Amino acid sequence: MATSDLKPKDPELERRIDSATGEFRVIAPGQTFLSVTEKISRIVLTPHTPLGWFALFGLGGAVATVLLVAVLWLFLAGVGIWGITQPVAWGFAIINFVWWIGIGHAGTLISAILLLFKQGWRNSINRFAEAMTIFAVVCAGMFPLIHIGRPWLGYWLLPYPNTMTVWPQFRSPLLWDVFAVSTYATISVVFWYIGMVPDFGTMRDRSTSKLAQYAYGMISLGWRGSVRHWARYETASLLLAGLATPLVLSVHTVISFDFAVAVLPGWHTTIFPPYFVAGAIYSGFAMVLTLAIPLRKFYHLEALVTERHIDNMGKVMLATGFIVAYGYGMEVFMAWYSASHWEFFMMWNRMFGPMGWSYGVLILCNLAIPLTTLWSRRLRTSIPFMFLISIVVNTGMWFERFVIVVTSLYRDFLPSSWGTYRATKWDYMTYVGTLGLFTALFLLFVRFLPMIPMSEIRTMLPGAKIKAKTTAEAGD
Amino acid sequence: MPPREGIYGLLAEFETPGELVRAARQARLDGWRRLDCYSPYPLEEAAEAIGFHRNKVPLLTLIGGLMGLAAMFGLETWVSTLAYPLNIAGRPTYSWPAFIIPAYEWTILFAGLSAAFGMLALNGLPSLYHPLFNAPNFRDGATTDKFFLCLEALDPKFDIVAAKAYLESFAPVLVVEVEY
């Protein structure tokens with residue numbers, strides 16, 4: 001290729017670049033079926049758990065205990081212990097709910113949408129991105145449940161025949177949420193599990209301890225790799241991906257309806273569905289980076305999760321970041337163009353009111369820092385920088401939800417009903433606690449389940465290609 | 001019912017997917033019908049080679065999806081118009097645009113569950129025991145890095161000596177008898 005000849009020849013860089021495509025290699029050269037299987041299954045099957053794992057799990061568990069305490073006190077005392085009040089009746093619970101669900105969306109995007117687009121590079125990261133989705137949905141789903149005040153009556157949200165002869169009201173976006181989030185959780189778990197079944201077969205066959213053989217044998221469902229099974233399996237995977245794609249777009253759309261259907265300046269806007277979905281993917285990719293960068297370092301997976309992955313995730317973040325930027329711009333434009341006094345005041349108040357600092361943090365973390373630097377390939381492939389940027393974007397996206405929930409609510413139509421919002425220590429404990437729960441669940445996942453899909457990695461190795469000569473001979 | 005004792009089949013082990021596909025295609029051409037290939041990753045060419053072109057997973061998924069759609073839309077309509085009609089800001093009780101969203105979610109839910117469990121059911125999984133697991137080399141390689149062709153004893157052409165010689169002609173690493 002002519003263009004690649006013009007590039008400076010750096011031997012280190014040359015090694016990492018695939019000459020066929022001119023892109024960074026998806027998998028470092030020199031890997032075989034056996035070597036990738038060994039590398040991935042050894043992490044799980046080793047009897048020696050790294051000390052660092054125990055340290056992190058201990059930390060995650062300790063922080064998750066904070067959540068336990070916060071929720072226990074909440075159940076005893078009620079939601080009055082939180083900072084929610086009038087007019088800000090939706091505080092941290094809804095902010096965290098939207099933030100966590102959004103983080104989950106990148107997992108589905110990576111596993112489903114990139115599968116449909118035949119983006120082979122996703123194969124190394126899709127398993128733990130899906131795991132991230134599920135644990136994020138676990139953290140997210142908890143918030144509306146504990147926010148309803150009497151969580152033991154949470155099943156009232158579901159339509160079921162009952163002695164009160166009462167049924168849910170299907171015209172409410174809050175009920176749509178119940179179906180969207182429960183479907184999302186179910187399909188994510190099923191997709192994740194089905195994706196792991198062949199790998200469980202590998203684990204069953206490679207483990208030496210009786211317990212591991214029984215455990216992986218049971219959950220592998222007796223997978224034996226028949227090509228007939230594989231054919232149906234591939235069809236089912238593609239169909240699940242095809243179903244998960246509209247699902248993931250619908251979930252955050254429905255969540256944005258919770259806001260957009262309400263007649264409130266700052267919420268009542270048609271830009272919300274696409275802008276929420278893009279924001280979800282933006283923060284989700286940031287979270288994938290936050291998890292992938294330490295993991296590949298800790299477990300020496302640099303050959304499987306390469307610069308190409310980090311680079312591509314940076315590009316996706318750049319693209320979705322700009323959709324988010326468009327959303328912010330459109331909100332401001334519509335506040336002016338609508339000529340609505342309330343809309344205009346809401347936007348002015350959001351930017352320059354007493355909570356204007358949160359809008360500043362949002363713009364700094366979501367637009368100013370990432371969207372200027374992610375253009376640079378050098379920075380996109382700089383691991384410390386990308387780790388930093390992932391934290392910045394996650395912070396920014398949390399503030400986006402804070403801005404949407406709080407700054408739209410705290411100064412509404414009548415100045416006499418204006419208030420403010422101050423989160424209490426229980427709010428912070430619940431939020432920080434879910435971070436601990438997420439970390440602990442994720443660490444259990446990397447310890448006990450194969451975090452990189454071995455069967456999918458095998459399809460990308462040079463040995464997996466059926467050589468043209470052999471096929472031609474057979475065709476004769 | 002297949003016989004539960006004696007020989008399940010003959011299993012030939014190959015190092016590369018190309019050799020497996022070549023052998024499978026030839027065996028199919030030579031009239032073998034009860035045969036299967038085993039590989040550690042999806043190998044479309046091998047499925048094609050043994051004449052497995054279509055499967056019923058898409059049909060099951062479609063049926064599941066339609067059932068989900070009908071179930072939720074029906075439930076919403078029945079609840080909102082007959083069982084518990086509520087006047088919400090004067091909107092019609094049969095507010096079909098609002099009903100689309102839960103119905104859409106249930107379409108996906110039922111379709112997805114049908115795809116996943118339908119695939120497992122069609123594959124005959126879970127089946128924790130299979131005669132192939134008795135083959136000494138099968139579990140070492142079939143889920144890691146080896147490729148297997150199995151000629152099953154139920155095939156009318158199956159004769160243990162002739163079949164063994166036939167498999168040897170493809171120059172596999174090893175041919176083993178698999179017992180029930």
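Domain bounds here come from an automatic or database domain assignment. On that basis, chain B divides into domain 1 (7-54 + 130-179) and domain 2 (57-122), with 44 Å between their centres, taken over C-alpha atoms. The model is predicted: local features need pLDDT of at least 70 and side-chain atom pairs count only at pLDDT 80 or more, while totals for chains, interfaces and linings use all residues. Residues are numbered from 1 along each chain as its sequence is written, and chains are lettered from A and ligands numbered from 1 in the order in which they are written.

Turning to the interface, 63 residues of chain B and 55 residues of chain A take part in the contact (C-beta atoms, placed from the backbone, within 7 Å). On the side of chain B that touches chain A, H4(B) gives the most, 17 residues; helices are DSSP runs of H or I with at least four residues, numbered from the N terminus. By class, this side has 40 nonpolar, 14 polar and nine charged residues, where Ala, Val, Leu, Ile, Met, Phe, Trp, Tyr, Cys and Pro count as nonpolar, Asp, Glu, Lys and Arg as charged, and the others, Gly among them, as polar.

H9(A) and helix H3 (residues 57-83) of chain B pack at about 35°, their axes 9 Å apart; axes are lines fitted to C-alpha atoms over the stretch in contact, and angles run from 0 to 180 degrees between N-to-C directions. Here Arg232(A), Thr235(A), Ala236(A) and Leu239(A) meet Val57(B), Pro58(B) and Thr61(B), giving four nonpolar, two polar and one charged residues.

Notes
Helix = DSSP H or I, 4+ residues; strand = E, 2+ residues; numbered from the N terminus. Contact = placed C-beta atoms within 7 Å.
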